[in-house]
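Here is a friendly walk through one protein model, written for reading with the structure open beside you. Please keep the viewer at hand as we go.

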Amino acid sequence: MTEALAEAPVSPNGNGDGETRQSLDTAAARNLATTTKTVPQMQGISTRWLLRRLPWVQVSGGAYRVNRRLSYAVGGGQVSFADSDGGVRIIPPSLCEVPQLAGFDHDDVLEALADGFALQEVDAGTTIAEAGQPLDRFVVVVHGKAKRIGVGPYGEPSLLAVEAEGDFFGEEALGAPEGAWAYTTVAVTRCRLLSLPLHEFRALVDRSPALQAQLRSYDDTAARPQNKKGEADIAIASGHRGEPTVAGTFADYEAAPREYQLSVAQAVLRVHSRVADLFNEPMDQVGEQLRLTIEALRERQEHEMVNNAEFGLLHNVDRHQRIQTRSGPPTPEDLDELLCRRRSTRMFLAHPRAIAAFGRECTRRGIYPEPASVEGTAVAAWRDVPILPCDKIPISRGGTSTILAMRTGEDDQGVVGLFPTGIPEEHEPGLNVRFMGIDERAIVSYLVSAYYSVAVMVPDALGALDNVETAPPAG
């Protein structure tokens, strides 16, 4: 009898220890239950503050023309380099970013100029140029950081500018009589420099009629009446008495204003008809596929608006609106310098790691800025200007990044986003979804397109703080 009991099978509802279950097993009950489920989740969705906070202008015809007053300011970009057998060499066409050479298209002369530069390496703290000494060379910074130091009204040293990769100094002597350095330049870090002796430049000028004509044209342009922004001056009389003749004037316009062409990001969404027909409850499979595709397109759109070589914000900062950090990490002084270069700055845009670096600098100094409220969300701020995170701003291998500052809005001559209206089968503003048909494999295809661009009304609407160190200090 005892052996028979030991060999008896366990009840289907048993718990495996010889006892009979008193209720239905949860594993069996789950087969009859309706599972609670979420819509498909996606890690790649960011806050996309740039798309949310930028004012958008409706564009018809696929292009947006920015008309400006005639400006005599030329050049002002950064010189580019390439590795060569001997080390580093200037890319000749990039010398046109030097104001005196703007628009100069004689490749043979630019090649000769590029060949005249000599590479030099200096340690941190080295005086590269000293005020009062003969101005004998034009210098381009290849790597590192150097600061220009002037003399204040009471004889104290004052920081004029910080130069980094691609920046240059000494250009005021190109085509000018012999003179002296008006400032002292000191290497902040170890620097690699390319220097062009002015006697070689003058010798090339003597041999090149085209270069002589270029320098005369630059001198004529510089002599024209213009305001401090380089725009053709509008003659105004004020403070006069009696009946003097008031000069006539007019506001001249640029003859060839810039046009921004709308860019596009596209994807072909494919869904098998069987999936759409049989597995469409409780969630719309096509709708969810479309939602996730649109999220990816909007992420790419923001990336292009920041990084695109033609219209992206990082590549459209005027040189005079581009500054360097004084030391490495972003400091309150750096952001103040960035703020003072434009009126009505609406927002900063920075990588989250750059925002964290700024927070560390504020904490180290005992400064705790009040956050700003943007769309009901508390974000970091400086001088009541929100610092919005944007992970599309790149961080270099060395851990450096850029902080952008911008005024926004068409009426305020700021930065605006561009998108078309009234496009066929529009799904969202500037985005449409077009049915492309069903192929022989019963796969349904949809073309999803997002059209966009970004425009800067005037140069001082956008500024950048470059070479922002984001890594925390060791130890």
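Is Cys 96 buried or exposed? Cys 96 is buried, with a relative accessible area of 18%, where buried means under 20% relative accessible area, exposed over 50% and partly exposed in between (1.4 Å probe, protein chains only). Cys 191 is buried too, at 1% relative accessibility. The number of disulfides is zero, a disulfide being a pair of cysteine sulfur atoms within 2.5 Å.

A word on the ground rules. The model is predicted, so local features need pLDDT of at least 70 and side-chain atom pairs count only at pLDDT 80 or more, while totals for chains, interfaces and linings use all residues. Residues are numbered from 1 along each chain as its sequence is written, and side-chain values use heavy atoms, with hydrogens and water left out.

**Aromatic rings**

The model holds eight aromatic pairs. Rings of Phe, Tyr and Trp (its six-membered ring) pair if their centres lie within 6.5 Å; planes under 30 degrees apart count as stacked, over 60 as edge-to-face and the rest as tilted. Trp 181 is buried at 4% relative accessible area, and Tyr 183 is buried at 6%. Elsewhere, ring pairs tie Phe 117, Phe 138 and Phe 168 into a cluster.

The rule asks for NZ of Lys or CZ of Arg within 6 Å of the ring centre and within 35 degrees of the ring normal.

| Arginine | Ring | Distance from ring centre |
|---|---|---|
| Arg 52 | Trp 49 | 3.8 Å |
| Arg 148 | Tyr 183 | 4.7 Å |

**Around Phe 201**

Phe 201 belongs to helix α5 (residues 198-207); helices (H or I, at least four residues) and strands (E, at least two) are DSSP runs, numbered from the N terminus. Phe 201 is buried, with a relative accessible area of 2%. Leaving aside residues up to four places away in sequence, Phe 201 touches Leu 113, Leu 174, Gly 175, Leu 196, Leu 211 and Leu 215, where contact means heavy atoms within 4.5 Å. The C-alpha atoms of Phe 201 and Phe 138 are separated by 9.2 Å, and the two residues are 63 residues apart along the chain.

**Strands and sheets**

Four strands form an open sheet in the order β6-β11-β8-β9, with antiparallel pairing; two strands pair if DSSP finds at least two bridges between them. Why is one side of β6 and of β9 left without a neighbour in the sheet? Both β6 (127-129) and β9 (157-163) stand at the edges, each with a single partner strand, so one side of each has no neighbour there. Strand β11 (residues 184-187) pairs with β6 over two bridges in the antiparallel sense, and Thr 185 in β11 is the bridge partner of Ala 129.

Now look at strand β22 (residues 415-420), where six of its six residues are buried. Val 415, Gly 417 and Phe 419 point one way, while Val 416, Leu 418 and Pro 420 point the other. Strand β1 (residues 56-59) runs parallel to β22, joined by four bridges, with Val 59 opposite Pro 420. Strand β25 (residues 443-456) runs antiparallel to β22, also joined by four bridges, and there Gly 417 stands opposite Val 454.
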